Each structure stands twice: as structure tokens, then as C-alpha cells.
Protein chains: 2
Amino acid sequence: MQRAAPQEFDRVLSSMCTQPHPAAREAAARFLATNPGDPATYQAVAALEDDALASLGEITGLSSPYGYIASGGTEANIQAIRAARNHARDDDPNVVAPESVHFSFQKAADVLGVELRTVPVDADYRANVDAVSEAVDDHTILVAGVAGTTEFGRVDPIPELTTIAHDVGATMHVDAAWGGFVLPFTDHEWSFAHAPIDSMTIDPHKFGQAVVPAGGLLFRERELLDALAVDTPYLESTSQATLTGTRSGAGVASAAAAMRELWPDGYREVYERQQANAEWLYDELVARGYDGVEPELPLVAAPIPDAEFESLRDLGWRISRTASDELRVVCMPHVSRESLRAFLADLDDVGSGPARN
Amino acid sequence: MQRAAPQEFDRVLSSMCTQPHPAAREAAARFLATNPGDPATYQAVAALEDDALASLGEITGLSSPYGYIASGGTEANIQAIRAARNHARDDDPNVVAPESVHFSFQKAADVLGVELRTVPVDADYRANVDAVSEAVDDHTILVAGVAGTTEFGRVDPIPELTTIAHDVGATMHVDAAWGGFVLPFTDHEWSFAHAPIDSMTIDPHKFGQAVVPAGGLLFRERELLDALAVDTPYLESTSQATLTGTRSGAGVASAAAAMRELWPDGYREVYERQQANAEWLYDELVARGYDGVEPELPLVAAPIPDAEFESLRDLGWRISRTASDELRVVCMPHVSRESLRAFLADLDDVGSGPARN
């Protein structure tokens with residue numbers, strides 16, 4: 001009989017997921033057979049989803065959040081665009097976003113049949129406000145900003161983007177899938193409290209330390225959530241606003257449990273520790289002559305030669321690169337200083353260093 | 001601190017999900033923190049997904065299946081239509097399906113911007129072949145048949161529908177989300193072995209006894225799966241054909257474990273026991289004068305008066321109705337003869353019976 005070991009996280013530096021909190025894991029195990037897609041039948045998990053949404057509202061500055069626990073950031077982004085599209089009823093809809101948006105926006109455009117206009121970022125990898133302003137028009141149904149980009153952990157100028165969106169009657173969406181559980185402890189302007197944004201993606205299964213799959217989609221107003229509803233005959237529940245229908249009760253229960261356990265102090269501790277780890281790693285790379293990208297959030301990028309990248313992979317490091325080929329190290333909660341020390345030691349062993357590149 | 005109890009399955013008669021097999025539950029708990037959406041990083045769960053697909057291929061008569069473990073039947077149906085749409089590149093695409101298709105087809109039509117043409121069923125709730133034949137045209141990208149309908153557990157005439165689909169150059173899709181793990185033990189013609197169908201939905205988290213979420217999407221040819229692919233920069237993996245991106249490692253691992261444990265003998269035993277339970281319940285209802293729908297698969301429908309339906313709900317029975325208001329009892333593996341006896345006893349207590357309706 002084949003047996004596969006579960007993921008060893010020691011050497012995973014590329015993932016935006018992490019080891020779940022023990023309370024999240026325990027809650028997940030108790031709800032493995034429930035379906036929040038049918039809340040009238042599965043009432044216990046439906047109550048936990050209400051808890052989870054209330055917690056997400058607290059974290060993002062929204063006292064009455066509308067939304068649900070999704071399978072992850074991809075579903076939440078697709079659904080935010082679908083809601084805007086259904087609400088706008090435009091015959092030739094487009095979405096404007098910085099080129100730094102997650103690839104789920106390309107998927108959403110394909111799935112939903114909307115045009116995606118990506119515009120350049122500035123020298124520090126943030127959405128270029130002028131370029132966004134030039135790209136929008138009367139058919140723009142949604143403008144997206146990212147609060148914690150996948151490649152460099154950057155936060156777009158959300159208030160300015162929101163003004164541009166609303167000036168053309170578009171919905172303003174913030175993708176905080178990865179950043180949402182660390183940004184509350186920074187000075188960034190990113191949330192429902194900082195700007196009149198309309199929707200947000202924020203994933204408990206990333207820095208929220210829930211089990212996979214537990215994403216989050218939030219709307220300020222009910223009408224955008226309602227734009228997603230389809231009737232559900234032969235369930236006890238009568239309508240459904242999600243994309244997938246059947247959903248993970250384990251994910252929902254674990255998200256509620258993790259946020260109950262960790263918000264705010266537990267998340268603050270993780271943010272402070274992992275931000276310090278990222279800054280330490282950046283300094284170490286710069287000291288070795290690598291041209292790193294300074295971490296604003298717990299993510300470090302630095303160009304390293306191909307041969308070294310491949311050698312590190314051969315040594316078992318799970319690493320990936322940005323579109324412009326920088327090494328990315330995502331300092332998720334499971335990434336310890338000790339692990340980063342070991343990584344640097346291996347880099348020193350395999351490396352010729354940037355000078356010889 | 002709020003505590004919610006996990007679902008008690010004793011009185012759940014309406015769900016198409018069930019208690020997972022212990023082996024599925026154990027496998028799920030080991031993979032709660034993995035993401036099969038990034039197989040290059042999470043290799044152990046990626047290997048289990050290959051196992052699960054191979055098992056699904058055996059069950060459905062496909063020696064080289066292409067596909068993946070989805071979040072459930074809704075995602076699989078949406079993706080089958082998206083694959084057909086992207087492959088056909090028609091400027092005004094339509095999908096033809098019997099009115100008995102799952103409501104996820106309405107959702108898919110909304111999400112994907114395709115026209116859904118539903119056509120009447122025959123007197124025994126199966127797709128009317130003549131009506132399907134009249135509804136298709138040159139813009140039809142997909143014809144759907146259901147192998148185990150949600151409302152009545154009926155199997156559409158799949159070979160005939162396939163001929164109609166292929167005559168107009170459309171993809172033939174079979175939704176066996178619920179029926180796929182019981183149909184192998186019947187004489188129905190429903191699988192890749194019985195007709196040149198192109199795609200299928202079959203959910204391990206229903207009769208397959210995996211944990212939620214574990215759906216299945218299968219294609220006969222690789223090109224339809226490839227029509228779903230988008231590039232994935234900054235993952236170790238380079239492209240992704242799923243809808244949700246991040247996915248449940250627990251679902252994948254549990255599907256592989258359940259099928260390894262139960263195919264074929266364990267599933268056969270469940271089918272035989274639950275089919276016998278359904279037939280017994282039908283006979284009991286008919287004996288009481290109810291106008292039941294004879295169960296071809298383990299699902300019984302019967303019209304009962306509103307007042308009795310509501311009284312049974314008040315007694316804690318989780319029940320639902322068809323669009324035409326019949327009570328539905330889905331004889332999933334957790335539904336025991338003892339439970340059905342208790343249900344009938346309550347029906348006798350609350351009921352005036354059909355004669356007085």
C-alpha cells in the first residue's frame with residue numbers, strides 16, 4: 001500500500017499557506033463531513049461561518065460584513081468581479097488592475113468573459129495611479145488594488161484607486177488575500193476603514209493560520225453579494241451566493257477557531273516575528289552583495305543566479321521566482337530564523353554569489 | 001466561548017453528502033495544510049491526486065483519465081462547460097440539458113455567459129431525447145445528461161444523448177456527481193465505457209465516502225483539460241486548470257484513501273444495502289397510501305402534505321423537497337434501516353396520511 005508523507009514545512013519558502021494553528025486543526029477535524037453550502041441542513045457550521053465573518057469584519061474595519069468563507073483567494077477574486085459584472089450589467093465590461101495582481105485575475109477574465117486591463121506599476125512595484133486613471137472608462141466595472149502583492153508584498157495606494165474607481169461608477173476591490181492578517185499591525189491604508197472600498201479578498205488559510213481551504217470574500221453592501229445569488233431547489237436552503245456550491249466545513253470551522261484564538265494578539269506576534277525575520281534575511285542577502293527588494297511585509301525578493309536557484313531546489317528547498325526571476329522567500333509563520341539560517345548556509349555553499357553572476 | 005457541535009447525521013435525510021469512511025477521515029487530517037493547487041511544492045498530495053484520478057478512471061471506464069479533484073459537483077460542472085466553451089470558441093454558445101440538471105448549470109450559465117436551454121423530461125423523469133434533439137443547433141457547445149438526478153435518482157439515456165451531441169459537434173457531458181459510485185453495480189449505461197462521452201462529474205465526497213470537499217472532473221481527451229489552463233507565475237508549478245486555484249489537500253488525500261479502501265467491494269456493499277433500504281422505504285410509503293416515485297437508485301421521493309413535512313422538520317428531521325414538492329429521502333451510507341423506521345414512526349404520528357390531504 002502506497003503511503004505518502006504529509007508536507008514537511010521546514011523547507012517550504014515559496015508557499016503563501018502555512019501550518020494551521022492547533023485550534024484550527026482540531027476544529028477542522030470535527031467538521032470534515034459538513035457542507036456550509038447548505039446552511040439550513042448543516043446549522044452548526046453555518047453558525048461558525050457567521051462567527052468567522054464577524055471576525056473578518058473586525059479585522060478589516062467593517063461592522064456589518066456581507067460575504068462568505070470561500071475556497072481561497074482565486075474564488076474570492078472571481079466572485080468579486082462576477083458580482084460587479086452582474087450588478088453593472090454592462091455589455092462590454094472591463095476590469096482595471098495593476099500588472100502586479102494575482103494570476104487569478106487572468107482566470108477570472110477568462111471564466112467571466114470580461115476584459116482585463118493591466119497597467120504598469122511604479123518603480124517600487126505599486127499600482128501607478130496615473131496609469132490606472134488613464135485605463136478606466138465608462139465600461140469599467142471594477143478597479144482592483146492589491147494589499148500585499150504576491151511577488152513583492154507591496155500595498156497599492158488604495159484610497160487613490162478608490163476615488164478613480166468611483167469616479168467612473170466602478171466597484172473598488174482590494175485583494176488582501178495574503179496581507180490581510182498582517183496589515184492591521186502596520187500603518188498602511190488598506191481596509192474598509194481607510195477608504196470607501198466595496199469588496200475585499202482576505203484568506204484565513206494564509207497568515208490567518210486556518211486549514212486549507214478557507215478564503216474570505218467581503219462586501220460592504222448587501223446588494224453586491226445578492227448579485228451572486230442563484231436559487232437552490234431541493235436544498236433546505238433556498239439560495240446560494242458562492243461559486244463552488246458544496247464547501248469545506250473544515251475550512252469554515254477552522255477559520256472561526258483560528259481567529260477566535262489569535263485575533264489580535266496572536267496575529268500581532270506573528271507579524272512582528274516574521275517581519276523581523278524578513279528584514280534580517282534582506283540584510284543578510286544585501287550583505288552578501290545580492291540586490292534584494294526591501295520587505296514592507298514579510299516577503300523578501302532577490303535576484304539570484306539560475307545555477308544557484310536550481311542547486312537550492314536540489315537540496316530540498318521549496319522556492320519559486322517572480323515573473324522577473326527574483327527568488328521569493330515568503331516568511332510565513334512556519335518559516336523560522338533557524339530555517340532561514342540554514343537556507344543562507346546552503347546559499348553560501350552552492351553560490352558563486354552575485355558578483356560572479 | 002461558543003461551541004457548536006459537529007453535524008449529527010442520524011436525522012439527515014436530505015443531504016447528498018455523508019459520514020466519511022474512517023480511512024478518508026484519517027487521510028484528511030494528515031493533509032489539512034497542503035495545497036494541491038501547487039503540486040510542484042506539495043508533491044506528496046500531488047501523488048495522491050494521481051492515485052485518485054486513476055481510481056476514478058477505473059470506476060468510470062477510462063484507462064487514461066485527464067482531470068482533477070475539484071471542490072464538488074458545482075465546480076466540475078462549471079469547468080466542463082468552460083472547457084467546452086473555450087474549446088469551441090463560438091460567439092453565441094448554448095448548452096442543452098434536461099430540466100432535471102442540477103442548479104449548478106444555472107450558476108454555470110451565469111458565470112460563463114452561455115445560454116442554458118433546458119428541455120422537458122419524460123414521464124419517468126428522464127431526458128426526453130426528442131426534445132434534446134430539437135433544442136440543439138450549430139451553436140450548441142455541450143449537451144448534458146445526468147446519471148443519477150438530484151431529485152429522483154434517474155439516469156438519462158446517455159448513449160442517445162451522446163449521438164445527438166456529436167452530430168452537432170458538441171461536447172457530451174455526464175453529471176454523475178451523486179450516482180457515480182453506485183452506478184457501476186447496476187445495468188445502466190452511464191460511463192465512458194458505455195458511450196463516447198467527453199467529460200464527467202463524479203464526486204468522491206458523496207457515495208465515495210471521502211470528506212468534503214472532494215469532487216471529480218474527468219475528460220476523455222487531454223485537449224479539453226488544456227482548454228482550462230492558465231499560466232501560474234510565482235508558483236513552482238507553471239499552469240493550473242482548476243477553477244479555485246488553492247484546493248483542499250485533505251479532500252484529495254481522503255478521496256484517494258476512500259477509493260483505495262472501498263473500490264469495488266466496499267462500494268458494492270453500500271449500494272446493495274442502501275438500494276434495499278430505499279426500496280423498503282418506498283414500499284412502506286406506498287403501503288401507507290403515499291404516491292411514491294419508485295427508486296432506481298437509492299433515493300425515494302413522495303408527495304406528503306405541507307403540515308406533515310413541517311412537523312417532521314420540527315422533530316429534527318433534516319429533509320427537503322423537489323421542485324414539485326415531493327419529499328426527498330436520499331439513502332446515503334449513514335441512513336440506516338433503523339433511522340428510516342424512526343422516520344416512518346414519526347410520519348405516522350404527525351400524519352393525517354395522503355388520503356386526508
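Let's start with a network of salt bridges in chain A: A:Asp124, A:Arg126, A:Arg154 and A:Glu296 are linked in it. By salt bridge I mean a side-chain nitrogen of Lys or Arg within 4 Å of a carboxyl oxygen of Asp or Glu. Across all chains, the structure holds 36 of them.

Quick housekeeping. This is a predicted model, where local features need pLDDT of at least 70 and side-chain atom pairs count only at pLDDT 80 or more, while totals for chains, interfaces and linings use all residues. Residues are numbered from 1 along each chain as its sequence is written, chains are lettered from A and ligands numbered from 1 in the order in which they are written, and side-chain values use heavy atoms, with hydrogens and water left out.

OK, back to the salt bridges. Here's one that crosses between chains: B:Asp110 pairs with A:Arg82, and the closest N and O atoms are 2.8 Å apart. On the chain B side, B:Asp110 sits in helix H4 (residues 104-112), and on the chain A side, A:Arg82 sits in helix H3 (residues 73-88). When I say helix or strand, those are DSSP runs numbered from the N terminus, helices being H or I with at least four residues and strands being E with at least two.

So is A:Arg82 buried or exposed? It's buried, with a relative accessible area of 0%.

A:Arg321 forms a salt bridge with A:Glu310, with 3.6 Å between the closest N and O atoms. A:Arg321 is in strand E11 (residues 320-321) and A:Glu310 is in helix H10 (residues 306-314), so the pair ties together parts that are eleven residues apart in sequence. A:Arg321 is buried at 17%, whereas A:Glu310 is partly exposed at 36%.

And one from chain B: B:Lys206 bridges to B:Asp203, the closest N and O atoms being 2.6 Å apart. In that pair, B:Lys206 and B:Asp203 are both buried.

Now for some helix packing, all in chain A. Helix H1 (residues 22-30) packs against helix H8 (residues 249-262) at an angle of about 150°, with the axes 7 Å apart. That makes H1(A) roughly antiparallel to H8(A). For the record, axes are lines fitted to C-alpha atoms, for helices over the stretch in contact, and angles run from 0 to 180 degrees between N-to-C directions. Under 35 degrees counts as roughly parallel, over 145 as roughly antiparallel, 65 to 115 as roughly perpendicular, and the rest as oblique.

Which residues of H1(A) make the contact? They're A:Ala23, A:Ala24, A:Ala27 and A:Ala28, and from H8(A) you get A:Ala250, A:Ala253, A:Ser254, A:Ala257, A:Ala258 and A:Glu261. Contact, by the way, means heavy atoms within 4.5 Å.

From H9(A), A:Ala276, A:Asn277, A:Trp280, A:Leu281, A:Glu284 and A:Leu285 meet A:Arg337, A:Leu340, A:Arg341, A:Leu344 and A:Leu347 of H11(A). This contact divides into seven nonpolar, one polar and three charged residues.

Then there's H4 of chain A, residues 104-112. How many of its nine residues are buried? Seven, and that leaves the helix mostly covered. Among the buried ones are A:Phe105, A:Lys107 and A:Leu112. Just after H4(A), A:Gly113 takes a positive phi of about 70°.

Last stop: A:Met16, in the segment before H1 of chain A. A:Met16 counts as buried at 11%. Setting aside neighbours within four places in sequence, A:Met16 has contacts that include A:Thr149, A:Trp178, A:His205, A:Lys206 and A:Arg328. A:Met16 and A:Asp349 are 333 residues apart in sequence and, C-alpha to C-alpha, 27 Å apart in space.

Terms used
Buried means under 20% relative accessible area, exposed over 50%, partly exposed in between (1.4 Å probe, protein chains only). Ala, Val, Leu, Ile, Met, Phe, Trp, Tyr, Cys and Pro count as nonpolar, Asp, Glu, Lys and Arg as charged, and the others, Gly among them, as polar.
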